[in-house]
Amino acid sequence: MKKKLTMVLAAILIATTLISCSNNIDKTPDDATIGVQEVNKVAPSEKGNFYDISAVLNETDKTLSATEIVKYVNNENIELKELYFHVYTNAFKQKETAPFLFDDFERAYSRGFEPGYTDISKVKIKDGEDLKYSLQGEGSTILKVELIEPIKPGTAIELSMDFNVKIPPANERFGYGENHFNLGNWYPIAAVYDKTGWNLDKYYPIGDPFYSDSSNYKVTIKAPKDYIIASSGVLISEKVEGESKTSEFQSSNMRDFAFIANKDFKVSEKTVDGTIVKSYYYKDDENRGKEALESGANSIKIFNDKFGKYPYPVYSVVETVFPSGMEYPGLVYISENYYKTFSNKDALTIVVVHETAHQWWYSLVGNDQVDEAWLDEGFATYSESIYIENAISKTRGKNYFNNNVEERHNEGLEDFRNWDDYGPTVYTRGAVVLNELRNKFGDEKFFQIMQEYFKEYEFKIATSEDFVNVSEKVTGQQLDEFYNTWIYAK
Ligand SMILES: [Zn+2]
């Protein structure tokens, strides 16, 4: 996400982009692609969890009733006696835990506060016994499931959960409006077990506090037939019966699954390097919707070239009700505010570029977004400059960096003092570190580091230490001192 940077964008001006791609295809929702073109294919993650979710979206009640079958694979070298899942929706149950800062609350609940939450009615072994479960943590966002038999290392267990999600009237990752439902972080997702043990962070009100393992998904959504659904996955089949439409989506080796349903969507798409890039926009916002498509497609092209190839068959850029931009694997939310003709066209470009860069830094190379946010926000911010260098000119990219990143970084920020410092600390310091690294070693080595890092950690989780190790390996130098100065700001 980028919350703070959008205000500085007025300073930049991006002329028409120079990269040309194939011709656009406009689709009416009825003939939207059903995975028939020549596209990338990703093999399912062999060691990843598998989520098979069937959900029914009830428009009148603003609910989603679902059954989730999850195959959890124990990739640790110890037995696991219990499993933990994040139930992020529960943070929306009370005003006190809703993930918004005080000054953001009014915007998020412009139609007034109503609770959002998940009621879990059953957790059991698939085709077997019921299991004991409890909700814990601030806002009850952690589900603990007690197992009858521990899961041995290298083996898996299949659980089945029934739950009902109440969607709140929030202008956010999770919420509904007049024409739409935003369903980000909507289902119980397994917590990550890493060398620190279980990661059970709450839903923090700032940053993107999500941390998950690459998994495989099959998600079936039954919704009123007039809704168009943009999702993280590939649409496999669609069936209309009476007043409802059932759509099946699949995705392999992805770390989350989000979707947005909207009655007013129009879709344009084009294929870049084997990826179908789709732009979903409101019918009235067609011009900007097509610009968003161009920016998304150009970003995929440039980042494929600079960092390594985007492996998924589909990537969707989606206009919705949201304050800025938000990244999910295979799908990004872009605020409707950027699509209005009176808004700055360059602001739309930059937000799409930033969120697309997160496909590499967060979605493909995962990281703990709570503890090491610089690895996704800093990298995505620096990727904006790399985009401009390649889409326009090196000088423009440099100017953009100087005016929007470096200057802001130098505005005086010693340490993280309060939430207002979150943006500058995480976004700009990370970008400044990468720029320093590039200045020190030159373009060739720098992009070699980025490519090695991507190749080694694609679909996995990386830490700051991993990035330091890759850069030491590529340059053949000890870089402790460099990183101590820049990352750890000693
Ligand atoms: Zn971001």
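This passage describes the fold of a predicted model, from the whole chain down to single residues.

The protein chain contains eight helices and 23 strands. Of its 490 residues, 47% count as buried. Contacts between residues at least 6 apart in sequence were also examined, and 69% of them join residues at least 24 apart.

Seven of the strands form an open sheet in the order β5-β8-β3-β2-β14-β17-β16, and the pairing in this sheet is mixed. The edges are taken by β5 (117-125) and β16 (234-241); each has a single partner strand, so one side of each is left without a neighbour in the sheet. From one strand to the next, the twist averages 15°. Strands of a sheet pair through backbone hydrogen bonds, in either a parallel or an antiparallel sense. Within this sheet, β14 (residues 215-224) and β17 (residues 244-254) are an antiparallel pair, joined over nine bridges. At one of these positions, V219 has F249 of β17 as its bridge partner.

A further antiparallel pairing links strand β15 (residues 228-231) to strand β18 (residues 259-262) through four bridges. In this pair, I228 stands opposite N262 of β18. In a regular strand the side chains alternate between the two faces of the sheet. Strand β15 shows two such directions: I228 and A230 point one way, while I229 and S231 point the other way. All four of these residues are buried.

Among the helices, α2 (residues 286-306) has 21 residues. The distance from its first C-alpha to its last is 30 Å, close to the 30 Å expected at 1.5 Å a residue. Of the 21 residues of α2, 15 are buried, so this helix is largely enclosed by the rest of the structure. Just after α2, G308 takes a positive phi of about 140°.

The largest nonpolar core has 132 residues. Helix α6 (residues 422-457) gives the most to this core, contributing twelve residues. The core draws at least three residues from each of domain 1 (1-44 + 264-490) and domain 2 (50-213). Inside the core, V318 and I334 are the residues with the most contacts. When neighbours within four places in sequence are left aside, I334 is in contact with A292, V317, V318, E319, G325, V351, V352 and E355.

Definitions and conventions. Residues are numbered from 1 along each chain as its sequence is written. This is a predicted model: local features need pLDDT of at least 70, side-chain atom pairs count only at pLDDT 80 or more; totals for chains, interfaces and linings use all residues. A residue is buried if 20 or more other C-beta atoms lie within 10 Å of its own, exposed if 12 or fewer, and partly exposed in between; C-beta atoms are placed from the backbone. Two residues are in contact if their C-beta atoms, placed from the backbone, lie within 7 Å. Two strands pair if DSSP finds at least two bridges between them. Axes are lines fitted to C-alpha atoms, for helices over the stretch in contact, and angles run from 0 to 180 degrees between N-to-C directions. The expected span of a helix is 1.5 Å times one less than its number of residues. A nonpolar core is a set of buried Ala, Val, Leu, Ile, Met, Phe, Trp, Tyr and Cys residues joined through C-beta atoms within 7 Å. Domain bounds come from an automatic or database domain assignment.
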